[in-house]
Amino acid sequence: MEEAAKDIIVRYETLLKEMWSESAKYLGTLSTNLLVERVVWELSQEYPAVRLLKYGPEGISCAPMQVNEEKSFNDLEEMFMRFVTRYVSILAKLLGHERAEEIRKKIITEFGGAC
Amino acid sequence: MANNLLLTLSVRYWQEFQDTLSKVMDANIYIFDAQGNPFSQFSLPIELCREINKGETVTDSACLDFYRTTFNQLKDRELLTCPRGIKLCVYSLGNYMQNLGYMLVTLDTGTAPFDREKEMVLKAKAYNAYRTINEVLSALLEKNLLGLQRLELNSIYEISRLMTSITELDKVLDLITNALIIIYQADLCFVGLRIGDKIRIAQAKGESGHLLGGKEWALLHPVIERVFSQIEPSLLTVDELRKLTGVSHLEVSSHTEIILYPLWTALGIVGLLGIVVPMSLGENGKRNLQIYANFAAVALANATLVSRLEEEAKTDFLTGFLNKRALGFALVEELQRAATYGYPVSVIFIDLDDFKSYNDTFGHLAGDVVLQKAAEIIKSCIRVTDIACRHGGEEFVIILPGTGNENALKVAERILNSLENHPFPHRRITASIGVATSRVGDSLDSLLRRSDEACYMAKKMGKNRVYNNN
């Protein structure tokens, strides 16, 4: 695994963790994990690596991606971007656009425009 | 076709496959989705199309209008000429049960005239492309549906398990609606609970969810009556949905599927579950959702029962005020809040004068009427944020959050005068009222005791008066 890929995973892991915990505040952990599962399923055909996301009652993690060093992951940045976009679009239906936008802005501010 | 319930398909991978097929067949292939929207890009460079559409995708409105009209009238396939003069073959993709989209095939000859032989070549190539693409799509669809069903069933299992173990009504309502929006990509999802002869929308999520919350529909409304006249779910048209009270302005696309599930348990109607989805759920989807609805009915029945019992456990039946048990919790909570935010809490202790003799003289039924009327009067003298409790017998306690001693005294005087001036049956009713305001370090017991002592002092000093213990 190239250093750049590792960096991308680390950067997005922090972002996903923040997104997960913010969503769980409003939706609860079960609905949040269901939302993650839905988005993973949607993207898994195009980006098989998304199946390596680990999620459960404790939160979300990219650890399995980081340990699979022998595999080369293409389009990681694109995969994470698509994940975040799709996630937020469903979140908007659940929380209303206003609150979803609040969460998106908060994440953008904290992660310096990563999404 | 890009991302819907029927087929989750990667456009990029599809394009690679389509381009390869185009090269092998030496024909241009182009795909539209089931709604007539462009899905893929031109596989072979047809200069005229590129020029008109300024790229590889159909964007020109005249072209789009032409194709959509063609798709609407198309049965299976058709050979035609586009408004720009290009001969093309159009096929409907999918099967007799489900339309997946449309395929266009052209030869790379632009607008050059077609003879009989060329037409036969186009038809043959289009047929072969159709057979290949349709088989690939069917296989993908099957795989997708299996994936979705796995997701659906897993989610239904997990949620049903959780739903029946949660007794907080709000949480159950949230779980039901969240899951349906996520699993089925619903535009709108709502749950109505039965309250008497009405269905009241207790939770609604999705695009226009905020417009539905709190709406009440009579069980005798023809649409609702139809929903509950059968065990199976009812499919509604947009017009039928809009006939329901308060939702005439609801924005729902005419292509959506609107399904209402009646929620029943052995005890009767619990409520209804409504879902508005952009694409048909199909028979399997509806059956899976029925399982979900059955669990939802049980979970809602349990949670509603618990919620009612909790409400009854803290309410005084005669006056509707909080009872003595709930008073303790409420006052502790207010004292904690007051300590955190640094504002005062006052307590007014009210004891109706000589109530025992009223009961003994005019009977307990008459006494109950006085208690009810006194509660009404007290309620009319306080703010909605104040908390009224029946302490027991003819004693009432009012908690006034954020109210200092001076204002609490004014409220107490208002109650005193209102009771004294009200024409109660048989004789005048007065009260002895004690007022106490919280001090630093006050506990539930100390504050309540000081207000009680003040009330006692008011009684001792001749009744029908307010005594301030500050």
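In this predicted model, one salt bridge is counted between chain A and chain B. The side chains of Lys93(A) and Asp187(B) form it, with N and O 3.6 Å apart. This pair meets the criterion because the nitrogen of a Lys or Arg side chain must lie within 4 Å of a carboxyl oxygen of Asp or Glu. Polar contacts between the two chains number six residue pairs, both residues at pLDDT 80 or more.

On chain A, helices α2 (29-43) and α4 (76-95) each supply at least two residues of the side that touches chain B. Helix α2(A) gives the most, with eight residues. Sorted by class, this side of chain A holds eight nonpolar, three polar and eight charged residues. The contact as a whole takes 19 residues from chain A and 30 residues from chain B. About 2,300 Å² is buried between the chains. Carbon and sulfur atoms account for 54% of that area.

Helix α10 of chain B was examined next. It covers residues 324-341, 18 residues in total. At 1.5 Å a residue, the helix should span 26 Å, and its end C-alpha atoms are 26 Å apart, so the two values agree. Several residues of α10(B) are buried, among them Leu327(B), Leu331(B), Glu334(B) and Leu335(B). The buried set also includes Gly328(B) and the alanines Ala326(B), Ala330(B) and Ala338(B). Helices α9 (282-314) and α14 (444-460) of chain B are among the elements that cover these residues. Strands β11 (345-352), β12 (387-392) and β13 (395-401) of chain B are also included in that cover. After α10(B) comes Gly342(B), with a positive phi near 70 degrees.

Technical notes: Residues are numbered from 1 along each chain as its sequence is written. Chains are lettered from A and ligands numbered from 1 in the order in which they are written. Side-chain values use heavy atoms; hydrogens and water are left out. Helices (H or I, at least four residues) and strands (E, at least two) are DSSP runs, numbered from the N terminus. The expected span of a helix is 1.5 Å times one less than its number of residues. Buried means under 20% relative accessible area, exposed over 50%, partly exposed in between (1.4 Å probe, protein chains only). Contact means heavy atoms within 4.5 Å. Buried area is the accessible area (1.4 Å probe) that two parts lose on being put together, summed over both. A polar contact is a pair of N or O atoms within 3.5 Å; within protein, one must be able to donate a hydrogen and the other to accept it, and residues adjacent in sequence count only if both atoms are side-chain atoms. Ala, Val, Leu, Ile, Met, Phe, Trp, Tyr, Cys and Pro count as nonpolar, Asp, Glu, Lys and Arg as charged, and the others, Gly among them, as polar.
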